[in-house]
Amino acid sequence: MNTTPHRGRVAVIGGGPAGMATALSVHQAGHDVVLFERYPRARAAGNILNLWPAPIKALTLLGVDTEDLGAPCHTTFRNARGRVRVDVKLPENVIREYRGGFIGLLRPELYERLLNALPPETLQVNHTVERVEQDREGARLHLSDGRIHECDVVVGADGIDSLVRRTLWGDSPKREHHLHIFGGFTFDDTFAARRGESVISHSSTTQGAWTAIRNKGRDGFQWWVLTAHYADEEFTEDLHTAASELARGFADPLPRMIAATDPANVQRWQLRDRKPLKQWSKGRATLVGDAAHPTSPYAAYGAGMATEDGYFLGRRLAGVDLRDYAEVRRALDEFETPRKPHTARQSQQAYILGQLFHRAPAPLRPVRDMVFDHTPLLQKVVGDSSPAQIVKQLDEIDRAEGRFSIATRNHSG
Ligand SMILES: Cc1cc2nc3c(=O)[nH]c(=O)nc-3n(C[C@H](O)[C@H](O)[C@H](O)COP(=O)(O)OP(=O)(O)OC[C@H]3O[C@@H](n4cnc5c(N)ncnc54)[C@H](O)[C@@H]3O)c2cc1C
């Protein structure tokens, strides 16, 4: 599809979900796009993943094959004994369309499908971008092999330690959450009766969660356990044993699921983020995904928001003459304005919930848990408002598609 009067040149840095979604959307907008990744391939850092319907919708519109991608689940939050605290309710029409709310998959399959959708030659691996400079006329990327790549717009999709973010806005400290998470998956058939479910439980100190997954046509389950841990504390335990210990006392089937998991399929991460930026774009450069709003896994939405960012950015660049500085500025500002409150809210909420559930002082925990067990507070905060945010994103995507088809129609023919 060549829809713009002047094909602009866009360079995207980082081959994660944000970068790949951006490249797809920018390509659909009719611009030339190059995606630089420092590693030999766009590799999935991690195993477990859930996506909400809004990123699935964006992926589908970007031409990614989402047929049979993941297992749609209905989610409840519970206490460790299994008492339901929250029912995450998406509207019936959304559940019908996406067969459920929270879609469980393994990360490598998402990457594979994104890669399959990318036009040939778009992804340039083994290319670390070492420096970015720009002026009103254009931007230049200095690559590790000494080459200089010239473009009209630069997109930093380079994750939590983003070079582009640092170049535009200076350094900002990483926020340690003092939490760590263990995640794993199993295809053991024993749990088949729980397909379609996602259960997120909390004891007074630990989160123990599991969701159904579907990976390359195979049904299974992923799980995670999360608790307080200082990043600088030594950690030498065997991950599988440590996860089993943390899940002890949680309602069935979590402990059995962990026991059924091959220890080779267990990973561990320390949780950290950075505080949201007031502005993402400067001059001819902008940020997407974790580069713009690093988000703790507590949200289970960082990759989802990264995908949405890429989708919306490309849509907004349709019909824009990227040589024209004023037009670029307007487009980048209009891209980030609605994205900032949504993403900041999600990443801040993830941080606060993590602290509330796992770092509350011991004397306060029984009171907190009584409130969560016996009042609708948690239902309001995560059960009602999170689905409302997802529905809002679905509506935003519909509006963006409307504008996109007008922009592309005006510039074709
Ligand atoms: C345990 C865990 C569970 C999670 N669960 C979920 C979940 O269920 N749902 C969800 O939506 N999200 C989840 N997330 C969050 C999600 O993984 C991230 O938010 C997401 O990966 C961010 O995508 P991104 O493309 O912005 O950045 P990244 O995935 O970090 O990709 C950045 C890319 O940029 C490349 N790069 C960096 N610097 C350069 C450079 N100078 N030159 C070239 N390339 C460069 C990197 O190599 C990398 O490939 C989870 C995270 C963790 C750790």
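An oxygen atom of the ligand sits 3.2 Å from a polar backbone atom of Pro17. The model is predicted: local features need pLDDT of at least 70, side-chain atom pairs count only at pLDDT 80 or more, and totals for chains, interfaces and linings use all residues. Residues are numbered from 1 along each chain as its sequence is written, and side-chain values use heavy atoms, with hydrogens and water left out.

| Residue (backbone atom) | Ligand atom | Distance |
|---|---|---|
| Pro17 | oxygen | 3.2 Å |

Taken alone, the ligand exposes 1000 Å², and the protein buries 88% of that. These areas come from the Shrake-Rupley method with a 1.4 Å probe; for residues, only the protein chains shown count as cover.

The shell around the ligand holds 30 residues, and Glu37, Arg38, Asn50, Arg107 and Asp290 come nearest. By class, the shell has 15 nonpolar, 10 polar and 5 charged residues. Nonpolar means Ala, Val, Leu, Ile, Met, Phe, Trp, Tyr, Cys and Pro; charged means Asp, Glu, Lys and Arg; the others, Gly among them, are polar. Helices α1 (17–28), α4 (107–117) and α8 (302–317) and strand β3 (48–51) each supply at least two shell residues. The largest share, 4 residues, comes from α8. Helices (H or I, at least four residues) and strands (E, at least two) are DSSP runs, numbered from the N terminus.

Next, the strands. An open, parallel sheet of 5 strands runs in the order β7-β2-β1-β11-β17. β7 (123–124) and β17 (285–287) stand at the edges with a single partner strand each, so one side of each has no neighbour in the sheet. Within this sheet, β1 (residues 9–13) joins β2 (residues 32–36) through 5 bridges. Val12 has Leu35 of β2 as its bridge partner. Two strands pair if DSSP finds at least two bridges between them.

Strand β15 has antiparallel partners. β12 joins β15 by 8 bridges, with Leu179 partnered by Ala228 of β15. β14 (residues 207–215) pairs with β15 over 9 bridges. β14 and β15 form a hairpin with 2 residues between them, and Lys216 in the turn has a positive phi of about 50°. Of the 11 residues of β15, 8 are buried, so the strand is largely enclosed by the rest of the structure. Buried means under 20% relative accessible area, exposed over 50%, partly exposed in between (1.4 Å probe, protein chains only).

The whole structure has 8 aromatic pairs. One of them, Phe191 with Phe221, is edge-to-face: 6.2 Å centre to centre and 75° between the planes. Phe191 lies in the loop between β12 (175–186) and β13 (197–202) and Phe221 in β15 (residues 218–228), so the pair ties together parts 30 residues apart in sequence. Both Phe191 and Phe221 are buried. Ring pairs link Phe191, Trp210 and Phe221 into a cluster. Rings of Phe, Tyr and Trp (its six-membered ring) pair if their centres lie within 6.5 Å; planes under 30 degrees apart count as stacked, over 60 as edge-to-face and the rest as tilted.

Notes:
A residue is near a molecule or strand if one of its heavy atoms lies within 4 Å of it. A polar contact is a pair of N or O atoms within 3.5 Å; within protein, one must be able to donate a hydrogen and the other to accept it, and residues adjacent in sequence count only if both atoms are side-chain atoms.
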